[in-house]
Amino acid sequence: MVELWNNYLWPLIWIVILIVVIVVPLLVAVAYLTYAERKVIGAMHLRKGPNVVGPFGLLQPFADGLKLFLKETVIPTGANRGVFIAAPMVTFFLALVAWAVIPFGEGMVLANINVGIMYLFAISSLGVYGILMAGWASNSRYAFLGALRSAAQMVSYEVAMGFIIITVLLCVGSLNLTDIVMAQKTVWFVIPLLPMAVLFFISTLAETNRHPFDLPEAEAELVAGYNVEYSAMTFAMFFLGEYANMILMAGMTVILFFGGWLPPIDIAPFNWIPDPVWFALKISAVLFVFIWVRAAFPRYRYDQLMRLGWKVFLPISLAAVVVVAGVLVAFDLTPVVK
Amino acid sequence: MIIQALAFYMFAGIAIAAGIMVISARNPVHSVLFLILTFFNAAGLFVLLGAEFLAMILVVVYVGAVAVLFLFVVMMLDINFAELREGFLQYLPIGALVGLILLVELAMVFGGWHFAPEAAKSGAMPIPSPDMVTNTHALGRVLYTNYVYLFQAAGVVLLVAMIGAIVLTHRSRPGVRKQDISRQVSRRAEETVEMRKVEPGSGI
């Protein structure tokens, strides 16, 4: 009985506790990301943004959540029921499972696996299924067009993202996320690999279907794109998944290029602040740029979006892999493999 | 060990059940979705084997890219479901034959390994223990040394296939007004804009 408890039950309970510790703050962060987005864009438009519910409108996200929770879930008659209901679940689930490998500090990670970055890449490449399933199962032209656009867009930008990740991995010599962060102790990769960091950030915008690449839900032509038929909690799950993905992509950018949880300078006042706080601060900074881009840029035209992905980003990132590998070999900087 | 066994039977069971659903589902889109589930569970089995790199590559390449294009095409097809079921019995013997051949081949390979364990080792590189070197490093070491020509040849085959597909489907249509970004960018204001002084009431 004691053995059963020690070997099976307690590890199980412990992992569940860890999952709750990760997921609950994540969902609160998602809620306040929507609030931050509305406030920041409001400020950029010289408006006030949400300011009615609670002090400074701070309870607005919870009011929105409650509203969506109480509404009726409508399933269109022509819809393919099973796939229609599964689609938002897939999106939400994938947005959450990716967080299993994110290191919040030294050793503060749920699963410190060898192929962490590959896992993240794999999970983010699966995100397209939720959208594709939603678009098809809705049995609506608008939703289907949005889903098709999204699928093409996400597959295109993933290729460039893969090559950019390879340039970082060449400098690290490991696929483990903790190793990637620790390799940036002397200098963050954003300095030697600045062009790659910019390209990666733009690719994450396309990957999360954010402005200026939000063609899958271009409201001017497609009403709301793939989620046009969704209501109440099914819609809320899409929304939560999308914003959790934004935070995840910002986290990936921070881990790959901005030194993860490491303080900018390793001296007294900076290294007093705990690791997860640095990580959260950096993610918030990247998310601010996400929102800023939304307020500042007009939407791309679809053919220009595809051109940018295939004819600009792909050749540049491919060349960068060759150049970075060449430089590392020529100057004998290749990381030592354990 | 119990956990591993349970995980194995879960992944294997779901993979087989999803595999059966791939060929028995009425709707082709459902078939593709079940195919994706099968791939995903196969990746889970790879993880259990300790081949985490292969598992992730399987998910990235097959689930994340190839199956998306599958789904893309199947969703766009205008399929008559009743017609699709008609040829089922007609193709059954051929399908069964292919399945039987695969089964016999697998049985021969694994049977051979069972009776002559050294035969399995002669064809393969020695596998280093997982705590000495990670999976990714181990694969990289053999792939870029002993098998570098085969690796490059595989790349060339894929390149040829890609160029072939582009050549077959590309057609240059005359009279299409395409956006030429380099031409737009290289336009100068002096060439395209002309400043005129217009007398009031006379026009140009």
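Tutor: A salt bridge is a side-chain nitrogen of Lys or Arg within 4 Å of a carboxyl oxygen of Asp or Glu. This is a predicted model, in which local features need pLDDT of at least 70 and side-chain atom pairs count only at pLDDT 80 or more, while totals for chains, interfaces and linings use all residues; side-chain values use heavy atoms, with hydrogens and water left out. Residues are numbered from 1 along each chain as its sequence is written, and chains are lettered from A and ligands numbered from 1 in the order in which they are written.

Student: How many salt bridges does the rule give over all chains?

Tutor: Side chains of opposite charge can pair when their charged atoms come close. Over all chains, the count is six salt bridges. One of them joins A:Arg294 to A:Glu37, with the closest N and O atoms 2.8 Å apart. This pair links distant parts of the chain, 257 residues apart: A:Arg294 belongs to helix H11 (residues 275-296) of chain A, and A:Glu37 to helix H1 (residues 2-44) of chain A. Helices here are DSSP runs (H or I, at least four residues), as are strands (E, at least two), and they are numbered from the N terminus.

Student: Is A:Glu37 buried or exposed?

Tutor: Buried means under 20% relative accessible area, exposed means over 50%, and partly exposed is in between (1.4 Å probe, protein chains only). A:Glu37 has 4% relative accessibility and therefore counts as buried.

Student: Which other salt bridges can I look at?

Tutor: In chain A, the side chains of A:Asp303 and A:Arg301 meet at 2.8 Å, N to O. A:Asp303 is partly exposed at 42% relative accessibility, and A:Arg301 is partly exposed with a relative accessible area of 42%. In chain B, B:Glu194 forms a salt bridge with B:Arg196, where the closest N and O atoms are 3.3 Å apart. Both B:Glu194 and B:Arg196 are exposed. Through salt bridges that share partners, A:Glu37, A:Arg210 and A:Arg294 are joined into one network.

Student: How many aromatic pairs does the structure hold, and how do I read one?

Tutor: A pair of aromatic rings is described by the distance of the centres and the angle of the planes. Rings of Phe, Tyr and Trp (its six-membered ring) pair if their centres lie within 6.5 Å; planes under 30 degrees apart count as stacked, over 60 as edge-to-face and the rest as tilted. There are 20 aromatic pairs over all chains. In one of them, A:Phe84 and A:Tyr230 have ring centres 4.2 Å apart and planes at 5°, so the pair is stacked. A:Phe84 is in helix H3 (residues 81-97) of chain A and A:Tyr230 is in the loop between helix H8 (219-222) and helix H9 (232-257) of chain A, so the pair ties together parts 146 residues apart in sequence. Both A:Phe84 and A:Tyr230 are buried.

Student: What is the geometry of the pair A:Phe104 and A:Phe279?

Tutor: A:Phe104 and A:Phe279 are edge-to-face, at 5.9 Å centre to centre with 90° between the planes. A:Phe104 lies in the loop between H3 and helix H4 (116-137) of chain A, and A:Phe279 lies in helix H11 of chain A, so the pair ties together parts that are 175 residues apart in sequence. A:Phe279 is buried, with a relative accessible area of 2%. There is also one aromatic cluster formed by A:Phe84, A:Tyr226, A:Tyr230 and A:Phe238.

Student: Which residue in helix H4 of chain A could I look at?

Tutor: A:Trp136 is in helix H4 of chain A. Its relative accessible area is 18%, so A:Trp136 is buried. A:Trp136 and A:Gly78 are 11 Å apart in space, C-alpha to C-alpha, and 58 residues apart in sequence.

Student: How many helices and strands does chain B have?

Tutor: Chain B has 10 helices and zero strands. Buried residues make up 19% of its 204 residues.

Student: Where is a positive phi found in a residue other than glycine?

Tutor: A:Asp332 has a positive phi, near 60°. A:Asp332 is placed in the segment after helix H12 (302-330) of chain A, and it is exposed, with a relative accessible area of 66%. A:Asn139, not a glycine either, has a positive phi of about 60°. A:Asn139 sits in the loop between H4 and helix H5 (141-172) of chain A.
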